[in-house]
Amino acid sequence: MTQQTIYEVRVLYIGTLGTLRQREPFVVYFSNLKKTIENLTAQLGLNGWPLKINYSAVYRSLKAKEKYACDFDVAGHKVFKIIITPKILNPTLITLGIDEMPVIRSQK
């Protein structure tokens, strides 16, 4: 199997406004970083949020820290955070931490 990098986009609802309207984190996966950024910027624009995310910033952050995070706020109150992390699809399987089964030696 070939390994492939996919990108997890997690939207976490944070801050004081989150306590008023409890929501579970939203998670989605993309196979292409460019499509990930295009989809995020389109959704942010359609919903009236500022476009604080761009491809080069995300790419540099993923290379340096293996994670990109951006907070969105209204009037100084944080509303949600977008976190992008790369994940490996079809990782190389080694022993998975499973030890070899002990063999009972027969007595002579």
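Here are some notes on this predicted model, point by point.

1. Overall fold. Going from the N terminus, the elements of the protein chain come in the order β-α-β-α-α-β-β. That gives three helices and four strands for the secondary structure.

2. Overall dimensions. The extents of the C-alpha trace along its principal axes are about 80 × 35 × 20 Å.

3. The chain exposes about 8,500 Å², and 55% of that is supplied by carbon and sulfur atoms.

4. Contacts. Take the contacts in the protein chain with a separation of 6 or more: 52% of them are between residues 24 or more positions apart.

5. Aromatic pairs. The count of aromatic pairs comes to five. One of them is Trp 49 with Phe 80, an edge-to-face pair at 4.8 Å centre to centre with 85° between the planes. Trp 49 sits in the loop between α2 (33-46) and α3 (55-65), and Phe 80 is in strand β4, so this pair ties together parts that are 31 residues apart in sequence.

6. Phe 80, at 7% relative accessibility, counts as buried.

7. Ring pairs join Phe 72, Phe 80, Trp 49 and Tyr 13 into a cluster.

8. A nonpolar patch on the outside. Which residues form a nonpolar patch on the surface? They are Leu 93, Leu 96 and Ile 98, which together have about 370 Å² of accessible area. Leu 96 belongs to the segment after β4 (77-89). Leu 96 counts as exposed because its relative accessibility is 63%, and the cut-off for exposed is over 50%.

9. Points to keep in view. When looking at the model, I'd set the aromatic cluster of Tyr 13, Trp 49, Phe 72 and Phe 80 beside the surface patch of Leu 93, Leu 96 and Ile 98. Strand β4 provides Phe 80, and Leu 96 is in the segment after β4.

Terms used: Residues are numbered from 1 along each chain as its sequence is written. This is a predicted model: local features need pLDDT of at least 70, side-chain atom pairs count only at pLDDT 80 or more; totals for chains, interfaces and linings use all residues. Side-chain values use heavy atoms; hydrogens and water are left out. Patches are made of residues with over 30% relative accessible area and no salt bridge: like charges are joined within 9 Å, nonpolar side chains (Val, Leu, Ile, Met, Phe, Trp, Tyr) within 5 Å. Accessible areas come from the Shrake-Rupley method with a 1.4 Å probe; for residues, only the protein chains shown count as cover. A salt bridge is a side-chain nitrogen of Lys or Arg within 4 Å of a carboxyl oxygen of Asp or Glu. Helices (H or I, at least four residues) and strands (E, at least two) are DSSP runs, numbered from the N terminus. Buried means under 20% relative accessible area, exposed over 50%, partly exposed in between (1.4 Å probe, protein chains only). Contact means heavy atoms within 4.5 Å. Rings of Phe, Tyr and Trp (its six-membered ring) pair if their centres lie within 6.5 Å; planes under 30 degrees apart count as stacked, over 60 as edge-to-face and the rest as tilted.
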